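Please open the structure in your viewer and keep the selection panel at hand. The stops below proceed from one selection to the next.

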Amino acid sequence: MDRVSALKLVLKDGTEWVGQSFGFLPRETSEINGEVVFNTGMAGYPESLTDPSYRGQILVFTYPLIGNYGIPEESFKKGISEFLESEAIHIRGLIVSEYSPEYSHWQAHQSLSAWLRKHRIPAISGIDTRALTQRLREKGTMLGKIVAPSRLFNSLSPFAAPDEANLVAEVSCERRRILTPKEGFRKTVVAYDCGMKHNIIRSFLARGVRVIHAPWDHNLSREKERYDGVFLSNGPGDPKKATDTIAQVAWSIQHQIPTFGICLGNQLMALAIDGNTYKLKYGHRSVNQPCIDLKTGRCVITSQNHGFAVDVKTLPAGWEPWFSNANDGTNEGIRHKKKPFFSVQFHPEACPGPTDTNYLFDEFIKHL
Amino acid sequence: MKSNILKIHKILLLGSGALKIGEAGEFDYSGSQAIKAYKEEGIEVVLINPNIATIQTSEGLADKIYFLPVTPFFVEKVIEKERPQAIALSFGGQTALNCGIALHSSGILKKHDVQVLGTPVRSIELTEDRALFNQELAKINVKVPHSIACNTVAEAEKAAKAIGFPLIIRAAFALGGLGSGFANEKEELAELLQKAFSASPQVLVEECLKGWKEIEYEVVRDAADNCITVCNMENFDPLGIHTGESIVVAPSQTLNNYEYQKLRTLAIQVIRHLKIVGECNIQYALDPRSDDYRVIEVNARLSRSSALASKATGYPLATIAAKLSLGYRLTELKNQVTQKTCACFEPSLDYLALKIPRWDLNKFRKVSDEISSEMKSVGEIMALGRTFEEVLQKGLRMLQIGAQGLDPSPYPFEDLDYALTHPTPHRIFALAKALDQGYTIQRLYKLTGIDPWFLQKIKNIRGLHKRMVSLGARHALPLLDHAFMRELKQSGFSDHQIADVFEEKELTVREYCKQLNVLPVVKQIDTLGAEFPAKTNYLYLTYSGNKNDVDFSLKARFANRAFEKAKNRKTIVLGSGPYCIGSSVEFDWCCVNAIKTLRKSGHEAIMINYNPETVSTDYDECDKLYFDELSLERVLDIYDKENPQGLVVSMGGQIPNNLAVKLHRAGVHILGTSVESIDRAEDRTKFSALLDSIEVDQPLWKAFTKISEAESFADKAGYPVLVRPSYVLSGAAMSVAHNHEQLNAFLGKAVRISIEAPVVISKFEVGAREIEIDAVAYKGHLLIFAVSEHVENAGVHSGDATIVLPPQKTYLETLRRIKTIAKMVAKSLAITGPFNMQFLAKNNQIKVIECNLRASRSFPFVSKVTRHNFIEIATKAMLGKADIKKRYQTVDLDYVGVKFPQFSFPRLKGADPVLGVEMASTGEVACFGSDLEDAFLKAYLAVGYRLPKKNILFSIGRMEDKIDMLETIQRLEVMGFSLFATEHTAKFLTDNGVKVTKLHKVSAKTSPNIAEYLDLGKLDMAIVIPRAYAHEEQTDGYLIRRKAIDRNVPLITNVQVAKTLVRAMGKYPIDWLEVKHWGEYRN
């Protein structure tokens, strides 16, 4: 039997949400800080929890039943997770309506609860997640803390914003390494790991592309291996903090190297060409975002996880918006009108979410 | 980038006809939405649908309505007359689709230059023809079950050898799995093949994937190739049970992201390849031990699943499909719930939706209660909530089968393992019982193939129940603390369930919950998990939450401008719950019309209902929709929150009517006729006294608790007698006893099923005619009435009878007497609102047999035939707005309406297709005509019967009936039909100079035999009149009737129907039948 202890989420606006702990139970005195965000996806919690873009965040699932199919094995092949999106759980805390301790799946290796405890991540169930989501939607993403129920709001230390730190540096790989597809390769890309989901690497390898897996501040001018393109990964936090990566993107574009970015990569691309980014009220975190290809009018359903967006009004001459969100009109991708520099705000690698846009990897590879 | 919107000004839309098993109310929903969507574009819509009880065949929707059979013959007639530019086939189920394909392949559509909207016919054919379908999917490397399409029995046997047992046999081109089944060995195969080939020219022999998970996706695609999946659903029962027979949950619960997305991607790939435009459904089998899959089928039309998906997600699939069929792109359409976001998106649910089928198998004699790959259920419910335990227990209560939740105690299982491995409607309770008895999850999984995750949830419910019991049962309620009560409530336990454990009253538990502050909250269905603000009025209640999405505070109500206008005139209408035998779309029609009238009268109209196949649960029909239980507890919850001025119980049939007294006692203001009067009409003794006081006759009756007293009464009154337990709907468990033995047998049964209520025995009048009156009164003053007569003599349940309006045979004097009685009853009971009475007429004597102070099954029929909306008049009366001076013409009409029952016997293996005092029909049609025969013949064809070409079989039990039928049979001989008959009937006919061929009984096994003739398709019609009105044994008549049904041969079992049919056939060759739309039938 799992321990049943109460735990509390406190939002910066003073509201308190008490439920039962089903993950790691922090000490009575600890305060788990994070930015509280919600995700409306209905399946894919193991992928979301290991997505480095959630670094520093307390994640709320709007789907009420979480844990149904357990957690697959945390196995790795050549340093790449087989079933998950990274080596670690990146969220600071998890909030759900109902945790399902019983799980059933042929690939399940352990329960969500056991996994969270192993990774020392606190989790709360029994929360009115719909009401919490409505609050975040109305007031915007908010800072919060997970604390023991006995703690009074006034006694808490100041709320700390995770994105004031350089989160990209925290989640990036430490040193450069080369990953080669089993069946050999035709092309090579330098992939900037700003918190890269493993399915991006899997997507390149599966297409016969060798990946130079590079840290966020890797200096392109000193790269000794021959490479055909540059890729900018997803990642957490404010893109403006990743100044070293932005400089490298600018260098890549300047040297006419085909460049492709995903999510944070879209924002880094914009910043590298002197465009601007801004923080959304509550971001897009879901697997059902409709995005319209502005040239063809075709609509694709995309997986998303971002709190910042590109301001298309600031794009320089020669560049154009590529995709736009059909719900709120925010930018979902930019590209150079003639050269092979382009990026999207959504996740073609999915995991979790629809795979409708994985053709973009092929598009990119065509330009290499 | 602008889409090419088709320039169309007139569309012909095909409906699905009568409700039947496999094709029910969902098509009223989809058709109504489509009509609205086309009308919004300024297009004229012509509808063909003989189902008179539907919303889509009501005023204010389609421009022209033809109450005609949905068959190529009549549709062509309408095309010739109306000259539409386009035809919509995907909103009327398999009936419309099959008719459309036939019209296309015979070149009729091309001849009249009619374009098919949405999915092209070629794509439909690819999905309907198994071999073509498999070929197409092979082209894109998508897996399908190993399957061989066969056109002969020999081919099928060869295929069986190639694939190997166990096998599944399916008939192609058939609704809801008709003619399908599993074969484990050769003999079973032979039997199945014969049946399947009689249902369809093509039969599929397939690999058996029993035990695999069954998953469905609803897919939408536009002509510009934008393609999305709106919803996925997981069957609780593994493959092997028809999805219409399965408990289904949305979204899927046991699929991980990889599986979810893999099947989603495949769905889009397949639908794009098939070039479907609009909406469709794709079904998969998914291996529970790997990621292997098979595509089971694609339905290239709106289906039962799409209606469910629409209600489960709030995404209006039928409306969107209609718009897409005109050439719109998904990206050009708005999400109707948010009015801001785009329709090209995939809904995100923050709740679960659970569907449970509603069976009514005990209404049929001799039918097996096993469920498998063929559909047998007659309706369904959908429960919304935020835990699986909650939706399961809510759902079981919603079925209205007496279950208060997941409690196995009312269901005895003699052999539990057998009950687990042989699915029946009660298997869910067997699972609960097994867990109570200590079966492990693994063992149950092995026995049933149901995913352990679901089994564990059932175990949780039983665990909570056990914990409750352990508190000490009797009057230990105060030991239940806040935390435990909350847990119970979040797991779907009702006040009633808790009250049963602690031997308290339901309302005591309710008060206790209030004290503990364990109360449900109201949540919205908004399609996107609260990501964007949505002004949706689509609501449900749950205990997993502590904030209402709707602000019920007085301040909020005053801030609302609509409130000023409405002056607190909020009114709640209770819906009709699940469709079952005796309560179906007609009550939904009544509810929707009541809602419409309330809104027109400036009221805020609130609907409570939970049947996903209805129009009343469309959130744009009312001001607020509570998709939740019709229970005392839940209605009071909503009443407390909404604080309306009143509540309507008289529109949704017996379920809301039964709540009237309890609600009234709990302080609810019931609109219309007083609860005391309702009770006086429902309680036999009180009603009898009332009839006596106004000197109105009724059949002799008495209530009994002892068998011996019953016997002596029956002796005195004379057999046959009608036996029934009190307070039943649609004659369930009613029977006719012709002698002592039968009476004893029935009493044994009846007493067993109903201990509290005494048994009522009444004199059964033989040879009497039956007449009904539907009426509306205001403070006891009759406002409007319509009298209809039955074609059949009394003894056939009024729901199964062929009903004629205006009456053609009833004497003026009888009509006058009936009106007078209705007036007196209305006055005595001070009726305000709708009511219905049934009468027997014999030798100028009128007897009252029933009186219901609510809208009846025939209200849509009488409203549409007389062209006066009885519900509108009734609703206004309940609001005190009656026009007492107004007079309505409902007797002297220049045309005739005939309502005809639709039976679903082909789907009910083994059921005896004979009519009796128990209702058995699943739906109805009605047609109009210049006279009775014209309307009758069209109605007969509209339920799917064919006219005989040459050979007709007779088997008539009683001598009186033989004599009665003689003239009719002679007429058939003159008309050139070849006549066949069973031994005694043949002898009687030969003696009377009729040329007839004698056929041996089915049991005789000698040639020429009836079985052989039926098997070889040599008979075009069977007229088999049973000896008595009810019998249990397997008679020869039963064997003929059943075989006729299984061989798809039209069957008539009633003398008056046979006579009317033959008269009509003689009068009208099919070409002479009138093709007029509703608007042309006016006085």
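## Where the chains meet

Begin with the two chains of this predicted model. Their contact draws 45 residues from chain B and 40 residues from chain A. On the side of chain B that touches chain A, select α9 (257-274) and α16 (452-470) of chain B, the elements that each give two or more residues. Of that side, α9(B) supplies the largest share, 5 residues. Colouring the residues of the side of chain B that touches chain A by type shows 19 nonpolar, 17 polar and 9 charged.

## The domains of chain A

Next, select domain 1 (5-163) and domain 2 (167-366) of chain A, as given by the domain assignment. The centres of these two domains, taken over C-alpha atoms, are separated by 26 Å. Domain 1 of chain A brings 27 residues to the contact, and domain 2 of chain A brings 28 residues. On the domain 1 side, the elements giving two or more residues are β3 (32-39), α1 (45-49), β8 (80-81) and α3 (129-139) of chain A. The largest share of that side, 3 residues, comes from β3(A). By type, the residues on the domain 1 side comprise 8 nonpolar, 12 polar and 7 charged.

## A strand in chain B

Finally, select strand β9 (residues 203-207) of chain B. Here 4 of the 5 residues are buried, so the strand is largely enclosed by the rest of the structure.

Technical notes. Residues are numbered from 1 along each chain as its sequence is written. Chains are lettered from A and ligands numbered from 1 in the order in which they are written. This is a predicted model: local features need pLDDT of at least 70, side-chain atom pairs count only at pLDDT 80 or more; totals for chains, interfaces and linings use all residues. A residue is buried if 20 or more other C-beta atoms lie within 10 Å of its own, exposed if 12 or fewer, and partly exposed in between; C-beta atoms are placed from the backbone. Two residues are in contact if their C-beta atoms, placed from the backbone, lie within 7 Å. Ala, Val, Leu, Ile, Met, Phe, Trp, Tyr, Cys and Pro count as nonpolar, Asp, Glu, Lys and Arg as charged, and the others, Gly among them, as polar. Domain bounds come from an automatic or database domain assignment.
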